[in-house]
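Good morning, and thank you for coming. Please look at the sequence and the structure as I bring them up.

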Amino acid sequence: MTLTLGLNFGTHDAAAAIVHNGTVAAAVEEERLTRVKNTKVFPERAIQACLDLAGARADDLDQVALFVDPKLHLLLAPSNLRHGTPASVGSLLSDLDKYRKRRRLPATIRSSGLLPKNLPLVTVPHHRAHAASAYHVSPFDDALVVTLDGRGEYETAAIFDGVDGKLIRRHHITYPHSFGYLYSALTRYLGFRPQSDEYKVMGLAAYGSGTYIERLARLAHFDADSGRLRLDLRYFDHHRTPSARRTLYSPALVDLLGPPRNPGSEITDRHRDIAHALQHVHEQLVGAYIAHAQRLVPHRMLCLAGGVTLNCVANTAIINSGRFDNVFIQPAAGDAGTSIGAALIAGASKERRPLRDAFLGPEFSTRAIEKALGDLPAGRYEVRRTTDPHQEAARLLNAEQVIGWFQGRMEFGPRALGARSILASPRSAQTAVRINAMIKQREAFRPFAPAVLAEHAHKYFDLSAAGVLVYPYMLATALVHPHRREEVPAIVHTDGSARVQTVKQDTNPDLWKVIQEYRRLCGLPVLLNTSFNRADEPIVCTPDDAVNTFMRCGLDGLVIGPLVATLRRS
């Protein structure tokens, strides 16, 4: 029996996970506890949360697994010199500094004071940790496993053959050529934050036309014979400029596309068209790599991981390609998920336990909820206890109220899947406008996801059988059937699609019950589901977070455990 702690920190999306004999017992992102989005700090609070969830002490741990192998980071430096310019000397020094920082990661762990200093430490190559995070919790014995991200050590993508619980690497792409850096560079060019706001660009893409596709296609080429992605490095600077001064794109990109958008400035048709072209080129390149991967590893089951695989539209193209009978994407596919993968590899359990759900984080007692609700001004809010929170939530939703929903263990990963959610009726397009403008305070072009009872999903959405394991985690889109769009306008994107979450009674019972009660009242088996947070904040974790966000963002109600808080009506 082994108890392994997996860690990711030092880059972004710091997280901890505990694996017990091949089962993921707990996984928590540090941002949820520090309230600093995408934080990269040593995940001290997440470690303690995972220990508490596992009912363990630090002394009970058998080992710690780290998401990166510091030695492999040295291979970045010669790559930069090979592909760069004289300016690459600065980048080389930056890479060597990163290597020194990576070498200090084990020392950071040992000096934290939270963990025993003699605890064995296992370093796991980044892309292998990504691969393990998907394959080892998938239901497949044999599968093609593909990882795609910005960079991990010197690799940016990799192909593995998953066979009988083992991962055999068959191919990789090396830095500076990267699917992730291509998308991130254009994300920054379009005035958004790289390695954070790529999903915004994906949403914006649906509003554009194909005007810039030919120009964007010049940025990268895929060689089908070798399986190599090649960026035209004239347009990029991530490989030749120290990190602190990088824009990710070069002046040549500005010459090609025109001036970049300033953050916060107006989004024009040109920006929409560039986003559209980027998404198109990205899907073509990723699709070509997946096709190459299947030629190398001819399985009909596919596992995906890495931050690039959070691109739901590209995932949909893979699911609908007809190449695979079933696709599985680990719900925390970004770097946070490497904490799970590293722990699974280090634990080396012969038993593989498929992931049933993503509810791997903390839950809170009714006493903690009551204490948090005590901070609500009594003259403005009414708090009452209910014997049926699901029915109470459905009643509010049927009355076109927008509510916070807080129940059970918190989700792991970037999607709110029904434990820390904002829920609303999808029957009015104005609901989406209100949530974007007043509650979430975010860009008006961003769509909302539908949560639909799995047994009724096909009546509303054009789903693929290959995506049955992906849809529960809100990691793929589907077209809304044209004759249903007027019934659920709040969740229909401008291109007629929606980022679907299918909800099953056995794996997501609380959200299933709310939707079922809502259906009983109005006939619709669909709700709008979005993350319980304000713009640029992490999803809420604790009852205090939920109550503070409820007060600040203009929600009509909050159903939290067995308690309901609503605004007093004058």
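Predicted model: local features only at pLDDT ≥ 70, side-chain atom pairs only at ≥ 80, totals over all residues.

The axes of helix 6 (residues 179-189) and helix 7 (residues 198-205) come within 9 Å of each other and cross at roughly 80 degrees. Helices here are DSSP runs of H or I with at least four residues, strands are runs of E with at least two, and both are numbered from the N terminus. The axes are lines fitted to C-alpha atoms, for helices over the stretch in contact, and angles run from 0 to 180 degrees between N-to-C directions. Helix 6 and helix 7 are therefore roughly perpendicular, a term for angles of 65 to 115 degrees. Tyr 183, Ser 184 and Thr 187 of helix 6 meet Glu 198, Val 201 and Met 202 of helix 7, where contact means heavy atoms within 4.5 Å.

Residues are numbered from 1 along each chain as its sequence is written, and side-chain values use heavy atoms, with hydrogens and water left out.

Next, the hairpin. Strand 2 (residues 15-20) runs antiparallel to strand 3, joined by six bridges; strands pair if DSSP finds at least two bridges between them. Ile 18 stands opposite Ala 26 in strand 3. Two residues lie between the strands, and Asn 21 in the turn has a positive phi of about 50 degrees.

Finally, how many disulfides are found in the whole structure? The search finds zero, a disulfide being a pair of cysteine sulfur atoms within 2.5 Å. The sulfur of Cys 541 is too far for a bond because the closest cysteine sulfur, in Cys 50, is 11 Å away.

Notes:
Parallel < 35°, antiparallel > 145°, perpendicular 65-115°, else oblique.
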